[in-house]
Amino acid sequence: MRLRNVTGSREMIEESRFVVHEPAAWKGKWGDVFGNDGPIHIEIGMGKGRFLMNLAAANPDINYIGIEKYSTVLLRAVQKMEAQELSNVRLIRMEAEEICEVFDKGEVAKIYLNFSDPWPKDRHAKRRLPSRQFLARYHEILAADGRIEFKTDNAQLFDFALEEIAPAGWKLEAMTRDLHHDERMLVGNVMTEYEERFSSMGNPICKYIIYR
Ligand code: SAH
């Protein structure tokens with residue numbers, strides 16, 4: 001569907017039953033949103049949402065929440081959701097820095113970060129989603145045995161992310177600098193929109209899994 005104007009886009013987001021508009025009101029009560037006690041997995045910086053929706057279709061017992069900062073991008077995910085209704089998916093438009101206001105201690109079982117913005121300037125390092133500042137936030141909301149899975153084609157961002165793990169008190173479970181040629185880590189891989197684009201350009205995809 002083509003949207004002719006911004007008002008229409010905003011209305012579509014506002015009216016979508018898949019978008020949670022006051023996410024902080026559900027802190028500690030996300031099971032009520034889904035109507036079950038299944039584990040909650042989130043993707044921060046979801047983009048157009050294909051990764052999340054494919055995972056959700058394959059894993060109906062897991063509840064998925066996609067978080068995206070920009071409504072113009074979120075709209076694409078909303079449109080997909082209206083076409084392919086998945087009862088185990090909800091979407092939130094928010095800035096990831098506010099994540100601790102939305103999820104209670106240990107409420108999230110897994111966090112996905114896919115092709116996060118690199119913020120190349122040193123003084124912006126704390127805005128990078130795998131930075132120690134963000135790892136401290138994830139520590140708050142992630143279950144004790146929870147995992148973060150991070151993928152990127154940006155080698156500098158990946159190096160930075162690896163360096164942040166130990167100082168933030170996390171541990172590396174697995175990593176590769178060429179996911180698509182790593183037989184073990186490739187098992188069950190679900191491609192994201194960016195992953196498809198960048199790997200088709202020949203860029204190797206880096207991935208880590210961390211825990212604490
Ligand atoms: N995960 C998708 C999109 C990657 S692009 C994929 O792999 O295809 C990164 C996305 O993260 C963008 O849509 C951007 O708007 C969003 N994003 C970046 N920083 C964010 C933040 N701090 N909070 C929420 N979303 C963010």
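A polar contact is taken here as a pair of N or O atoms within 3.5 Å, and the legends below describe a predicted model.

View 1. A nitrogen atom of the ligand is 2.8 Å from a backbone N or O atom of G45. Of the 570 Å² of accessible area that the ligand has on its own, the protein covers 94%.

**View 2. The shell of residues around the ligand.** The ligand is surrounded by 18 residues, of which G45, E68, E95, T192 and Y194 are the closest. Sorted by class, this shell consists of eight nonpolar, four polar and six charged residues.

**View 3. The largest pocket, with the ligand in place.** The space that the ligand takes is the largest pocket, which holds about 700 Å³ of space. Its lining is made up of 36 residues, and those closest to the centre of the pocket are G45, E68, F115, S116 and D117. By class, the lining comprises 15 nonpolar, eight polar and 13 charged residues.

View 4. At least two residues of the lining of the largest pocket come from each of strand 1 (40-44), helix 3 (50-58), strand 2 (63-68) and helix 8 (193-200). Helix 8 makes the greatest contribution to this lining, supplying four residues.

Note on methods: Residues are numbered from 1 along each chain as its sequence is written. This is a predicted model: local features need pLDDT of at least 70, side-chain atom pairs count only at pLDDT 80 or more; totals for chains, interfaces and linings use all residues. Side-chain values use heavy atoms; hydrogens and water are left out. On a 1 Å grid over the protein atoms alone, a cavity is a set of points where a 1.4 Å probe fits but cannot get out, and a pocket is an open set with protein on both sides within 12 Å along at least five of seven lines; lining residues have an atom within 4 Å of a point. Grid points are joined across faces, edges and corners, and a volume is the space filled by probe spheres set on the points. Ala, Val, Leu, Ile, Met, Phe, Trp, Tyr, Cys and Pro count as nonpolar, Asp, Glu, Lys and Arg as charged, and the others, Gly among them, as polar. A residue is near a molecule or strand if one of its heavy atoms lies within 4 Å of it. A polar contact is a pair of N or O atoms within 3.5 Å; within protein, one must be able to donate a hydrogen and the other to accept it, and residues adjacent in sequence count only if both atoms are side-chain atoms. Accessible areas come from the Shrake-Rupley method with a 1.4 Å probe; for residues, only the protein chains shown count as cover. A molecule sits in a cavity or pocket if more than half of its atoms lie within 2 Å of its grid points.
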